[in-house]
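Dear colleague,

Please find below the structure that I am handing over to you. The findings follow directly after it.

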Amino acid sequence: MTDPRTPTDGGQPPTGDEQPATDDKQPATDDEQPPAGDEQPQTDRPTVLVPLEVLEGESLPAGTTELLANAHVVLLGYHVLPEQTATEQAREQFGETAMSKLGEFAGALEAVGATAETRLVFTHDKQTTVDRLIYEYDCLAVLVPNSAERVESVLVAVRGTVGVDRIARLVAGLFAGTEIAVTLYHVLGEGETDEDAETLLNGVRADLVERGMDADAVEILIEETETPVDAISGRGEAHDAVIMGETDPSVTTFVFGMPAEQVAERFLGPVLVVQRERPEATDASAE
Amino acid sequence: MDAPDPSAAPDADPDPDAGVTADSPPAPGSDPIADVVDADTGEGELERTIGLTGGLAIGIGTMIGAGIFVFPGLAAENAGPAASLSFAIGAVVALLVALPTSELATAMPRSGGGYFFISRGLGTAPGAIVGLGLWLGLVFASAFYLVGLGSYAGQVFLEAGIALPVNPAVPLGVAFGVGLTVLSLFGTENTASLQNAIVVVLLIILTLFLSYGGLDALGVFGAERTPERFFPPGGLLPVLQTAALVFTSYLGFAQVATVAGDIKEPSRNLPLAMVASVLVVGVFYVATIFVATSAFGSARLGEFGETAMVEVAREFVGFPGAIAIVVAGLLATFSSANASILSASRAVYAVSRDDLIPTAASRLNLQYGTPHVALGLAGGPIVVLAATGQVELLAEVASFLHLVMYGLICVALIQLRREQPDWYAPSFRCPAGLAVAGAGALASFALIAFMQPASIGVGAAVMIASYGWYRYYAADVELKGDF
């Protein structure tokens with residue numbers, strides 16, 4: 001999708017933007033060419049999707065504003081309707097209320113320096129909506145909105161080299177130049193040595209430093225365990241937020257749920273789920 | 001280049017270049033019409049969640065209950081083996097209407113279906129008659145399906161060898177009516193996937209049964225059966241009368257249009273789902289009557305009444321066959337009744353959104369997300385009508401009210417093609433549009449003429465009452481071309 005407008009600097013009006021357009025802060029070329037992570041300017045704000053069930057009384061959890069102060073936030077208000085109800089019907093009745101709430105939340109985010117866009121969707125299926133918006137905005141991460149009292153340290157689970165670049169973009173984008181400390185965490189896989197893991201995490205640290213993080217603010221933690229989900233949620237308790245990667249859907253995830261969801265349920269704090277690189281969206285629409 | 005503001009395109013902008021399908025910015029998996037309708041107008045956007053399979057399941061699931069599991073006995077009694085011709089006539093009429101409906105639905109993919117097309121294309125008065133008529137037509141149809149469901153539930157007792165003092169069809173139908181209404185009030189989850197599963201199971205059972213029965217009827221398994229005279233003693237007249245009666249079996253295709261607002265890629269999926277579901281059920285109906293009338297004489301079939309298919313299956317495959325058809329009949333009439341109750345509540349929503357009835361009727365319950373008033377307005381009269389147990393009258397009145405709508409849909413297509421308003425830019429154009437729509441309108445109205453006088457009387461009374469209500473309550477509402 002091509003945004004015809006020129007990039008602007010200030011925060012966007014919370015509700016006035018009716019164009020389902022991509023982020024104004026993205027470089028214009030991002031829309032035409034497959035984005036290559038390493039070509040992104042390092043000051044680029046990471047785009048984070050924050051889904052909120054506004055009409056069910058879900059509000060912006062405490063700590064979210066601190067966590068996302070440097071992000072470009074796509075604030076998705078959604079309302080899930082049973083299949084027998086026309087979505088139009090709900091929009092007519094609840095649209096205005098929900099919009100004004102979303103506007104408030106966007107205002108709170110903009111007050112701490114984030115940029116925010118709001119989208120309100122009436123849907124029969126939450127996942128369809130979330131997936132569509134991840135594509136549309138090429139979101140780097142999705143927030144599982146739990147609250148945190150304060151945000152001082154963040155646990156970043158690094159699984160392997162795949163997608164590590166996107167994790168680095170997110171972490172540096174959010175926390176470079178802030179007081180927030182980061183712990184890079186890796187669970188040893190089968191046949192993997194401590195040295196391998198150290199090489200991996202040191203590589204990430206170097207990347208983060210190159211992207212503007214303070215080297216002292218990045219720690220490294222390696223552990224050997226059979227149950228990564230438990231380990232991440234357990235370690236997370238010593239921190240205020242968790243950042244982890246998305247998992248490919250499989251039978252296991254179908255039965256037990258996505259690891260990120262499981263972690264969010266046990267850890268109870270905010271979890272940022274870094275999304276896989278999505279196939280280029282503009283190709284699909286260029287019919 | 002500046003993209004046109006989607007929210008302004010359909011109504012306010014007189015510039016034809018900024019028309020509906022003009023160069024709106026493409027989105028992933030975009031559909032030009034869907035983009036315009038769903039565009040955020042400052043109050044949120046709408047997610048489309050029903051694909052082609054879902055659309056087909058709605059169409060087939062709503063229709064297949066009546067034609068196969070309720071009508072064969074009644075139809076064969078009236079028209080003999082030529083009842084299969086009656087069903088074929090119904091299919092042709094339905095197709096003639098389905099094509100214009102598809103065109104209109106892709107021009108106006110909004111919830112509300114036929115009512116929406118007619119009120120926007122022809123004006124408020126016909127819209128009000130059709131809108132209120134559609135609500136009541138669906139109420140009659142649901143009551144009819146419920147009596148059918150009750151008959152099959154009663155059959156369960158018969159098969160189990162439990163003797164009941166009274167015919168349980170009506171009381172059971174009423175009980176199911178109450179149950180379904182309450183269920184839909186509390187927001188049933190996954191109704192779509194349930195509906196899909198029911199349709200698949202039904203199609204499998206029916207295909208097996210009809211292939212076996214068909215081969216048997218053709219004499220493949222030995223015992224050749226004596227073919228009956230194809231036409232009944234009265235000639236063509238009973239066949240046409242039966243076509244009018246069994247047309248209730250085709251009411252479902254327009255239900256696909258009532259959920260048009262939820263269908264993904266509506267310009268492709270809407271026409272496909274409507275036309276394909278009519279074709280699929282039409283083939284099944286004709287085959288069913290052929291098999292049923294080969295198994296028994298028509299008179300004998302008529303004596304079995306609503307559950308004649310159970311006896312047909314018993315004749316071919318014995319007890320297991322009877323059980324399979326009882327189960328299939330329960331599923332089919334259940335899904336038809338459920339779909340019609342939900343459609344009736346959507347019909348109430350559509351007219352109340354346009355202020356033809358008080359808007360309180362479409363209030364949603366925030367906790368369950370369901371329109372409780374509209375569901376009550378649908379469920380209440382359905383239960384009352386089901387209690388009458390007048391299967392043929394219920395079916396014919398339902399067909400009457402739907403046929404009026406179908407005829408007017410065709411008229412609306414002709415009118416819109418002539419007027420060519422700016423907002424009218426269907427992405428599917430009905431081939432030979434004017435001819436098909438003209439034939440569809442004539443056929444719809446002609447079919448009404450073959451109904452029983454009582455059904456015509458009740459149907460006409462409903463239409464007059466709807467018009468009276470419009471004059472009394474909504475005379476100042478202007479809907480033509482209003483989006």
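A:Arg132 is partly exposed, with a relative accessible area of 23%; buried means under 20% relative accessible area, exposed over 50%, and partly exposed in between (1.4 Å probe, protein chains only). A:Arg132 forms a salt bridge with B:Glu45, and the closest N and O atoms are 3.4 Å apart. A salt bridge here is a side-chain nitrogen of Lys or Arg within 4 Å of a carboxyl oxygen of Asp or Glu. Because A:Arg132 lies in helix 4 (residues 126-137) of chain A and B:Glu45 in strand 1 of chain B, the pair joins two chains. Helices (H or I, at least four residues) and strands (E, at least two) are DSSP runs, numbered from the N terminus.

Please note that this is a predicted model, in which local features need pLDDT of at least 70 and side-chain atom pairs count only at pLDDT 80 or more, while totals for chains, interfaces and linings use all residues. Residues are numbered from 1 along each chain as its sequence is written, chains are lettered from A and ligands numbered from 1 in the order in which they are written, and side-chain values use heavy atoms, with hydrogens and water left out.

B:Glu45 also meets A:Arg119 in a salt bridge (2.6 Å, N to O). Both A:Arg119 and B:Glu45 are buried, the latter at 6% relative accessibility. A network of salt bridges links A:Arg119, A:Arg132, A:Glu136, B:Glu45 and B:Glu47. Over all chains, the search finds 19 salt bridges.

Within chain B, the side chains of B:Glu103 and B:Arg417 meet in a salt bridge (2.6 Å, N to O). B:Glu103 lies in helix 4 (residues 83-107) and B:Arg417 in helix 16 of chain B, so the pair ties together parts that are 314 residues apart in sequence. B:Glu103 is buried, at 0% relative accessible area, and B:Arg417 is buried at 17%.

As for aromatic residues, the count comes to 16 aromatic pairs over all chains. Rings of Phe, Tyr and Trp (its six-membered ring) pair if their centres lie within 6.5 Å; planes under 30 degrees apart count as stacked, over 60 as edge-to-face and the rest as tilted. The rings of B:Phe253 and B:Tyr406 have centres 5.1 Å apart and planes at 35 degrees, so this pair is tilted. B:Phe253 in helix 10 (residues 253-258) and B:Tyr406 in helix 16 (residues 391-419) of chain B are 153 residues apart. Ring pairs link B:Phe87, B:Phe247, B:Tyr250, B:Phe253, B:Tyr285 and B:Tyr406 into a cluster.

Yours sincerely
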